[in-house]
Amino acid sequence: AKGVRVQNTSALAECTSEAEKAHVPVTEILSKNVVCATSIYNLYNKFLPQDLPIVQQFQDPTQRTVRQSNGHVFLFCKIK
């Protein structure tokens, strides 16, 4: 199955304990394709599993061609 699991970040921010956060509902959205509109930095550091070889390659500063910056441009691409 493809898709994403999301939580209401405003509701999470209002929680005062991990126990409260556990009660914030998780919504699963299934889709044939998923479009991720985030920075490449967040994609590789937060969304993709850290044990993927491509993620580990991105983590190596000597192999990375993209640098973190304040500006961004969205690139929508298909990841297999």
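This report covers the salt bridges of a predicted model and the surroundings of Cys15.

**Salt bridges**

The structure holds two salt bridges. One pairs Arg5 with Glu28. Their closest N and O atoms are 3.0 Å apart. Arg5 lies in strand S1 (residues 3-6) and Glu28 in strand S2 (residues 27-30), so this pair ties together parts that are 23 residues apart in sequence. Arg5 is exposed, at 65% relative accessible area. Glu28 is partly exposed, at 46%.

The other salt bridge joins Lys21 and Glu18. Here the closest N and O atoms are 3.6 Å apart. Both residues belong to helix H2 (residues 18-21). They sit three residues apart, about one turn of the helix. Lys21 is partly exposed, with a relative accessible area of 32%. Glu18 is exposed, with a value of 60%.

The two pairs are set out below.

| Salt bridge | Closest N and O atoms |
|---|---|
| Arg5 with Glu28 | 3.0 Å |
| Lys21 with Glu18 | 3.6 Å |

In general, side chains of opposite charge can pair when their charged atoms come close.

**Around Cys15**

Cys15 is in the loop between helix H1 (9-14) and H2. Its relative accessibility is 16%. The cut-off for buried is under 20%, so Cys15 counts as buried. Leaving aside residues up to four places away in sequence, Cys15 touches Glu20, Lys21 and Val24.

Note on methods: Residues numbered from 1 in each chain as written. Predicted model: local features only at pLDDT ≥ 70, side-chain atom pairs only at ≥ 80, totals over all residues. Heavy atoms only, no water. Salt bridge = Lys/Arg side-chain N within 4 Å of Asp/Glu carboxyl O. Helix = DSSP H or I, 4+ residues; strand = E, 2+ residues; numbered from the N terminus. Buried < 20%, exposed > 50% of the residue type's maximum accessible area, 1.4 Å probe, protein only. Contact = heavy atoms within 4.5 Å.
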